[in-house]
Amino acid sequence: MDGSKEKIILNVGGIRHEMYCSTLRTFPGTKLCSLTEPHASTLYDYNPITKEFFFDRSAQLFGYVLSYYRTKHLHCPADTCRSVLEEELAFWEISDAQLAPCCWLKLTNKDSQLEEFNVWDENEHTDDERLVVQVERRDFSWRARWQPKIWSIFEKPFSSLSAKCLAIISLLFIIGIVIIFCEETKAQYEYFAANLTIFGRSDVIHSIHEPYYHQAPYLLHLELFCVLWFTFEFSMRFFFCPDKKKFLRNPLNVADFLSLFPVYIELFTTEQIQKMPSLALWLGFVRIVYLLKLLKIIKLIETPLILRVLSYTLKSIIQEICFLLMILAFETLFFGSLFFYGELLGVHPSYRGDLHFTDIIICFWWALITLTTVGYGDIIPLTTFGQVMAAFAAIFGMLTIIIPIPIFLVKFKGYYATAITKQKLKMSKKQ
């Protein structure tokens, strides 16, 4: 018989495959090619009665491997796990680099999403793992013994009953400081409005009108009481945190730290504030960080899965967002400059006094507001050229805003599907 017509029988996972030996010789150096050698029956599980080689491997994936020898194009099922596929190809001594581009991209996108989400999922338990490591170091100091408990009490409100009580107390202080902040803004406005309206010079009014915190001293005392609690809380969290560098890199922790200073500065600089009332306004401006404390309410409720996926999706497309912001900045400069010179050159000299801008910076403001489709109407074009530029700016602005939406949706859909799968897997393990 002609050598090219010689056949060989393989039994893979209980399914028999019959093929020409010439087909298996397509890729020399692979396991299937070695089956065509004379001594193959002594190296592998060969049944002389049925004259077939047996391999206890995946029959489904072997069908794709065999198709690779016939067509020289390696594909894989849509629902295949990449690690399983790599293990199967390694057994048949085939490189996964031979995978077709369509299947390669499909597996790469799926695995990249899973890998990134696994990193995000592991970060949720980073602090706990650090505490466990510290305990396993056999450090018998009082700080090492109490650190996991105190850190959980201050940072994880659902870890124990004492943590829940402490979280409720902290929440009451946060609500109180926000109410005090709102009341102080009213007193500040009345004080400075009276100074500027009646006399027009705030540097001479302090001798006649008392500062706002003298008119309502209880506000400063209540604020000091709340800040003393926040100082105690911040000190305990910082002292017992497992990673101080990570603690200080957290924006909310930085805001907590900055919120401690306005009251202390105001107490120790009373005379300077009486001489410079504007200093009190700057201290009031710093007090805005009190409002950021309201974000801690999120810790008192279990963050919904969709919000966690949403935050991680935003982090994953931060590069795309920065690129689009650069495009928006370029459009702002470009359309702002065109609008500035187009209005100056197109309007009649006798009507240049009617223009709604005095310099190009205001035109940049107009361009940004138009690109974002807000359009306050404080600046309007008077010439035909300016109106055309305004129309183009609005169109390009809408396109710039619309472009990232599909990117965000695709990323979010993939991460959310992965998160749902991981959540179901955890629930099944608990059951």
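Gly 13 counts as partly exposed because its relative accessibility is 41%; buried means under 20% relative accessible area, exposed over 50%, and partly exposed in between (1.4 Å probe, protein chains only). The structure is a predicted model, in which local features need pLDDT of at least 70 and side-chain atom pairs count only at pLDDT 80 or more, while totals for chains, interfaces and linings use all residues. Residues are numbered from 1 along each chain as its sequence is written, and side-chain values use heavy atoms, with hydrogens and water left out.

Gly 13 is located in the loop that lies between β1 (7–12) and β2 (15–20). Strands (E, at least two residues) and helices (H or I, at least four) are DSSP runs, numbered from the N terminus. Between Gly 13 and Asp 56 the C-alpha to C-alpha distance is 5.0 Å, with 43 residues separating them in sequence. When residues up to four places away in sequence are not counted, Gly 13 touches Phe 55, Arg 57 and Ala 59, contact being defined as heavy atoms within 4.5 Å.

Two packed helices are described by the angle between their axes and the distance between the axes. For α20 (residues 318–346) and α21 (residues 360–371), the axes come within 8 Å and cross at roughly 125 degrees. Axes are lines fitted to C-alpha atoms, for helices over the stretch in contact, and angles run from 0 to 180 degrees between N-to-C directions. The two helices α20 and α21 are therefore oblique to each other; angles under 35 degrees count as roughly parallel, over 145 as roughly antiparallel, 65 to 115 as roughly perpendicular and the rest as oblique. Residues making the contact include Leu 328, Phe 335 and Phe 339 of α20 and Phe 364, Trp 366 and Leu 371 of α21.

The structure contains 28 aromatic pairs. Rings of Phe, Tyr and Trp (its six-membered ring) pair if their centres lie within 6.5 Å; planes under 30 degrees apart count as stacked, over 60 as edge-to-face and the rest as tilted. Phe 257 and Phe 261 form an edge-to-face pair, at 5.0 Å centre to centre and with 80 degrees between the planes. Phe 257 counts as partly exposed because its relative accessibility is 39%, and Phe 261 likewise at 36%. Phe 408 and Phe 412 form a stacked pair, with 6.1 Å centre to centre and 15 degrees between the planes. Because these two residues, Phe 408 and Phe 412, are four residues apart in helix α23 (residues 404–430), they are separated by about one helical turn. Phe 412 is buried, its relative accessible area being 17%.
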